[in-house]
Amino acid sequence: MVCRLDDELWFPDPRYGDDDGCIAVGGDLSVDRLLLAYQNGIFPWFAFRYNEPMWFCPMERFVIFPSEIHVSHSMRTLMNKGQYRLSINENFKGVIGNCSRLRIEESGAWLGPQMVDAYTELHCQGFAASVEVWEYEKLVGGLYGVSIGRAFFGESMFSLVPSASKLALIHLARTMQENGGLLIDCQFHTPHLESMGGRHIKYDEYMKIISAE
């Protein structure tokens, strides 16, 4: 059952959502609502046919454990060349801006001004982060997401050169592994993320991990 949210700060029990994981529609994208959402495994999704957020919480979670990130031989070769520089939180605005421009043409998905403003505010308050891939002084790839506790909730990534988003994801996983990070939430399954080590876990197991101190 999909609920309609009001001005109160709440979400329905995600176990009673639709088969595709949709649990609610409406509400706002305030920092407090977004933090409540992510702490319960819920994330917003905009679609062209609606001018308001839809909220999803799949019971089968597609995740990457940082220690299980898969680095192929070709990726190791690319990394050893030292062609690209990797950074964290050097250009959040540039990363989300590139993700927005690339996703605006995707069927169904929309990373519009409301979403950009909401995650930029999360970043300003220390709850969203970006990974950047640089070729000399040019930003050529990256990803961004929400960072709460020991979990990272991935939102979007982009590549302007081959494999740049893969480099960003590997850098994120290795940085998390070095700093006690437990889980990268990929939201939805894709062959690309599966090839990087993604796999499904149950929602209850997922909640135990993201709730860990």
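I began with the rule for cysteines: a disulfide is a pair of cysteine sulfur atoms within 2.5 Å. I keep in mind that this is a predicted model.

**Cysteines**

I looked up C186 and asked how far its sulfur is from the closest cysteine sulfur. That closest sulfur belongs to C99 and is 14 Å away, too far for a bond. I also checked the accessibility of C186, and at 13% relative accessibility it counts as buried.

Next I turned to C22. Its closest cysteine sulfur is the one in C3, at 9.7 Å, so this pair is too far apart for a bond as well. C22 is buried, too, with a relative accessible area of 4%. My tally by the 2.5 Å rule is zero disulfides.

**Helix α1**

I then moved on to helix α1, which covers residues 31-39. Which of its residues are buried? I noted V31, R33, L34, L35, A37 and Y38. After the helix comes G41, and I wrote down its positive phi, near 75°.

**α1 against α4**

I wanted to know how α1 sits relative to helix α4, residues 113-124. Their axes come within 10 Å and cross at roughly 80°. Angles of 65 to 115 degrees count as roughly perpendicular, and therefore I logged α1 and α4 as roughly perpendicular to each other. On the α1 side I found V31, L34, L35 and Y38 making the contact, and on the α4 side A118, Y119, E121 and L122. I sorted the residues of this contact by type and got seven nonpolar, no polar and one charged. Going back to my burial list for α1, I see that V31, L34, L35 and Y38 are on it.

Key:
Residues numbered from 1 in each chain as written. Predicted model: local features only at pLDDT ≥ 70, side-chain atom pairs only at ≥ 80, totals over all residues. Heavy atoms only, no water. Buried < 20%, exposed > 50% of the residue type's maximum accessible area, 1.4 Å probe, protein only. Helix = DSSP H or I, 4+ residues; strand = E, 2+ residues; numbered from the N terminus. Axes fitted to C-alpha atoms, helices over the stretch in contact; angles between N-to-C directions. Parallel < 35°, antiparallel > 145°, perpendicular 65-115°, else oblique. Contact = heavy atoms within 4.5 Å. Nonpolar A, V, L, I, M, F, W, Y, C, P; charged D, E, K, R; others polar.
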